[in-house]
Amino acid sequence: MVNDEFIKSCAQKYGTPFYLFDYDALLSRVQKIKEMLPSNSRLCYAMKANPFLLDALKEDTDLLFEVCSPGELSVCEAVKVNPEQIVFSGVVKTKQDIERAYNLGVGTITLESFLHATFLEQVVKASANPHPQGIIVRLTNGCQFGMNEECVRKSIALLKDLPGIKIQGIHFFTGTQKKMKKVAEEVAFIQDFCTELQKEFNINFERIEYGPGLAFDYFSPEDYAQNFSDLEEFSAMIKDSPFFWVVESGRYVASSCGTYVSSVMDLKQNAEVPALFIDGGINHVNYYGQIMGMKKPPIHLVKTNSSQSIQGISTSNGYTIYGSLCTTADIITKEYPFESQPGVGDLLSFANIGAYSVTEGIYLFLSHPLPKILSCQNGTEKLLRDSVESWPLNTNGDAE
């Protein structure tokens with residue numbers, strides 16, 4: 001259980017800053033989501049949200065894993081994710097990337113363009129032993145992802161009679177943190193489009209791969225991890241559908257299982273609102289949309305025995321929390337109220353940080369070390385990755 005004593009113990013043992021991913025909370029949330037989804041659906045975890053969760057999720061044979069780059073495919077190989085559970089996506093795929101995924105035996109390859117379709121055709125025709133391969137064709141909504149309706153049709157026509165190729169259906173995703181009215185419109189649209197394609201090409205789609213972009217309120221004053229109202233509404237939309245739905249989600253799955261812990265390094269009264277500095281910053285803390293300074297994420301002050309109070313600090317207006325980067329943009333949040341006065345050496349625990357922060361931060365800026373990454377399960381912590389110095393990546397190869 002992640003409480004103050006557990007956080008202090010980890011900080012004492014490993015130092016700060018660090019991410020802490022609660023695998024028990026993750027698995028509980030995944031199970032709840034699966035229970036709420038209807039029987040004609042399957043959950044797919046978009047691993048770009050947090051690849052460090054794969055080790056906890058890979059044993060779940062009911063899950064699929066969306067992989068969006070050759071590097072993510074390598075992560076899956078390293079942690080031994082079953083290839084049949086992989087959906088290999090990504091807007092920029094080379095012929096070699098598709099050939100690698102095909103030879104690896106991934107369950108599904110997503111085609112983002114007609115060029116991808118031609119690459120796949122070439123790979124299959126050149127294979128000495130063509131094997132069954134599922135594909136889904138991605139439809140665009142006008143953004144850079146997927147292809148227009150004409151190219152979707154061209155791709156299906158090109159591949160539908162290719163040996164071993166099974167066109168499983170259509171992939172559709174338009175964004176995240178969406179309102180349910182928008183989701184309902186998209187559900188109706190994609191079902192109609194798939195019905196039209198089945199009649200036109202005399203094929204049966206096994207599934208619709210859809211990312212509903214269910215919203216997660218990072219800044220809720222309550223425990224938003226227990227709010228499943230949008231999921232309940234979405235499940236009702238698809239439960240009577242004639243199609244099977246693969247529900248693709250990353251942020252909605254991962255957000256609530258993560259905590260980021262950083263130490264209070266300094267306090268000073270430079271303005272009406274005092275400044276509190278931590279040993280992390282916006283290079284590590286990246287909530288949705290990078291709107292730090294404008295919102296108040298859930299932050300918990302963990303008092304330590306080494307806490308050192310600073311005199312002359314006015315606490316009436318809260319604290320502006322700054323990171324350790326030399327840029328005026330490095331503001332975590334403004335006028336943050338704490339129930340007790342923080343001191344140097346205390347810890348700040350940031351909740352709802354299980355998605356994206358661990359990979360989206362500007363880690364090379366100022367050559368700070370990458371933070372440690374820990375997991376906890378059944379009350380025991382595990383070091384997943386030690387702190388990594390970034391300065392060698394900012395140095396030319398001839399430097400000594």
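Author: The model is predicted, so local features need pLDDT of at least 70, side-chain atom pairs count only at pLDDT 80 or more, and totals for chains, interfaces and linings use all residues. Residues are numbered from 1 along each chain as its sequence is written, and side-chain values use heavy atoms, with hydrogens and water left out.

Reader: What makes Lys34 and Asp60 a salt bridge?

Author: The term asks for a side-chain nitrogen of Lys or Arg within 4 Å of a carboxyl oxygen of Asp or Glu. Here the N to O distance is 2.7 Å. The pair therefore qualifies. By this rule the count comes to 17 salt bridges.

Reader: Which parts of the chain does the pair Lys34 and Asp60 link?

Author: Distant ones, 26 residues apart. Lys34 sits in helix α2 (residues 23-36). Asp60 lies in the loop between α3 (54-57) and β3 (64-67). Helices (H or I, at least four residues) and strands (E, at least two) are DSSP runs, numbered from the N terminus.

Reader: Why is Asp60 called buried?

Author: Buried means under 20% relative accessible area, exposed over 50%, and partly exposed in between (1.4 Å probe, protein chains only). Asp60 has 19%, so the residue is buried. Lys34 has 21% and therefore counts as partly exposed.

Reader: How do you know whether Lys178 and Glu186 are buried or exposed?

Author: By the relative accessible area. Lys178 has 9%, so Lys178 is buried. Glu186 has 4%, so Glu186 is buried too. Their side chains meet in a salt bridge at 2.8 Å, N to O.

Reader: What makes Asp240 exposed?

Author: Its relative accessible area is 65%, over the 50% limit, so the label is exposed. Lys239, at 46%, is therefore partly exposed. The two side chains form a salt bridge, with N to O at 3.2 Å.

Reader: Which residues are linked in a network of salt bridges?

Author: Glu149, Arg153, Glu196 and Glu200.

Reader: Why are β5 and β6 called paired?

Author: Two strands pair if DSSP finds at least two bridges between them. Strand β5 (residues 108-111) and strand β6 (residues 133-138) have 4 bridges, so they pair, in the parallel sense. Thr108 stands opposite Gly134 in β6.

Reader: In what order do the strands close into a barrel?

Author: The 8 strands run β2-β3-β4-β5-β6-β7-β8-β9, with parallel pairing. Neighbouring strands of this sheet are turned by 30 degrees against each other on average, direction ignored. Axes are lines fitted to C-alpha atoms, for helices over the stretch in contact, and angles run from 0 to 180 degrees between N-to-C directions.
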